[in-house]
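Good morning, and thank you for coming. I would like to take you through one structure, beginning with a single residue and then widening the view.

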Amino acid sequence: MIEVNNVTKKFGSFAALDGLNMHVEKGAIYGLVGPNGAGKSTIIRHLCGVYKQDAGNITIDGQQVYENELLKQRIAVIPDDIFYFIQANTKDMMKFYKNMYPKFDEQLFYKIADCFPEINMKKMVRTLSKGMQKQVAFMLAIASRPDVMILDEPVDGLDPVMRRQVWSLIMSDVAETGVTVLVSSHNLRELEDVCDHVGIMNHGKILIERSLDDLQTSITKIQIAFEGDMPQMPEGLQILKKITNGRVHTLIVKGQPKEAEQALAAMNPLLMDVLPLTLEEIFIYELGGDNYAVKDIIF
């Protein structure tokens with residue numbers, strides 16, 4: 001659905017995107033994560049057709065994005081910094097979107113509005129709180145019936161109840177219409193609950209791009225304790241990091257969890273617990289922790 005191949009974008013001498021490759025399947029909820037300055041917002045602006053790449057190729061559903069009016073009518077975007085016309089209320093913005101998006105569903109718009117009862121549709125949107133402005137943005141985006149939804153920090157500023165409400169609406173839309181969602185967020189715990197694919201980005205490149213299930217089974221956390229000192233680890237066991245707290249040792253192990261578990265069980269530990277890593281932990285280990293120094297420890 002979304003294909004980004006060897007894309008480069010420079011601002012002066014700074015390469016914001018450096019040979020970026022990214023692939024998002026149709027109907028996927030793809031989480032794009034990375035530290036500040038990784039290039040997430042830059043690639044999002046390319047996917048929206050705001051920027052034109054210096055080199056490489058960007059297509060959505062096989063079509064070039066830049067200056068493609070018909071394709072942009074199939075893409076709904078919620079940026080981190082939302083723009084509304086100064087004097088417009090929610091109904092005014094609904095009419096504007098209705099003229100912009102041929103498939104805009106006014107009946108769906110009012111149905112979604114019932115999920116956000118605090119929104120006064122006659123009040124100018126710019127006078128609403130940041131959280132309420134985000135709610136209006138979701139009402140407009142989902143009712144546009146897009147084929148692709150691109151979200152940059154979409155639930156920032158929303159309270160926990162509204163965050164859950166918004167994600168429920170998005171996931172229902174994905175299940176019902178097969179819309180493809182690309183979401184950039186620093187809230188990795190939240191992305192872990194909703195995304196099925198993840199791309200970890202740094203220095204203008206995608207370091208890892210895999211399904212969340214595959215990513216979480218390629219690296220494992222094992223907590224283990226022995227009667228005395230920790231014995232020599234079995235050969236072939238790829239231990240990326242070891243943390244010792246008293247007699248309990250926490251190992252970050254690369255490879256299949258079953259194989260690691262069997263190798264360690266043969267050492268007759270007093271206790272052993274195998275745990276999948278969270279997306280946040282994978283992100284930290286992949287980027288090397290301090291100062292996000294990149295270390296190739298997964299691939």
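Which residues does Val 181 touch, not counting residues up to four places away in sequence? Before I answer, a word on the source: this is a predicted model, in which local features need pLDDT of at least 70 and side-chain atom pairs count only at pLDDT 80 or more, while totals for chains, interfaces and linings use all residues. Residues are numbered from 1 along each chain as its sequence is written, and side-chain values use heavy atoms, with hydrogens and water left out.

Now the answer. Val 181 touches Ala 28, Ile 29, Tyr 30, Met 149, Leu 151, Ile 170 and Val 174, once residues up to four places away in sequence are set aside. Contact here means heavy atoms within 4.5 Å.

Val 181 also belongs to the largest nonpolar core, which has 59 residues. A nonpolar core is a set of buried Ala, Val, Leu, Ile, Met, Phe, Trp, Tyr and Cys residues joined through side-chain atoms within 4.5 Å. Buried means under 20% relative accessible area, exposed over 50%, and partly exposed in between, with a 1.4 Å probe and protein chains only. The members that touch the most other members are Tyr 84, Phe 109, Phe 116, Leu 140, Leu 151, Ile 170 and Val 181. Helix H5 gives the most to this core, with eight residues. Apart from it lies another core, of 26 residues, including Val 4, Met 22, Val 148 and Leu 182.

Let us stay with Leu 151 for a moment. Its place is in strand S7, residues 148–152. Helices (H or I, at least four residues) and strands (E, at least two) are DSSP runs, numbered from the N terminus. Leu 151 counts as buried because its relative accessibility is 0%. Beyond its neighbours within four places in sequence, Leu 151 is in contact with Ile 44, Ile 78, Phe 138, Ile 170, Val 181, Leu 182, Val 183 and Ser 184. Leu 151 and Pro 79 are 72 residues apart in sequence, yet their C-alpha atoms are 6.1 Å apart in space.

That leads to the chain as a whole. There are ten helices and 14 strands, and the C-alpha trace spans about 70 × 45 × 30 Å along its principal axes. Of the 299 residues, 48% are buried. Among contacts between residues at least 6 apart in sequence, 67% join residues at least 24 apart.

Next, the pockets. On a 1 Å grid over the protein atoms alone, a pocket is an open set of points where a 1.4 Å probe fits, with protein on both sides within 12 Å along at least five of seven lines; lining residues have an atom within 4 Å of a point. The largest pocket holds about 890 Å³ of space, a volume being the space filled by probe spheres set on the points. Its lining has 28 residues, with Cys 48, Val 77, Pro 79, Tyr 97 and Tyr 101 nearest the centre. Helix H3 supplies the largest share of that lining, five residues. By class, the lining has 19 nonpolar, three polar and six charged residues. Ala, Val, Leu, Ile, Met, Phe, Trp, Tyr, Cys and Pro count as nonpolar, Asp, Glu, Lys and Arg as charged, and the others, Gly among them, as polar.

The second largest pocket holds about 230 Å³. Helices H4 (106–113) and H6 (160–177) each supply at least two residues of its lining, which divides into five nonpolar, two polar and five charged residues.

Two asparagines deserve a remark on backbone geometry. Most residues other than glycine have a negative phi. Asn 6, in strand S1, has a positive phi of about 55 degrees. Asn 268 also has a positive phi of about 55 degrees, and lies in the loop between helix H9 (257–265) and strand S14 (271–276). Asn 6 is partly exposed, at 48% relative accessible area, whereas Asn 268 counts as exposed, at 64%.

Finally, how confident is the predictor? The pLDDT gives its confidence in each residue, from 0 to 100. The mean over the chain is 90, and 96% of residues reach 70 or more.

Definitions and conventions:
pLDDT is the predictor's confidence in each residue, from 0 to 100.
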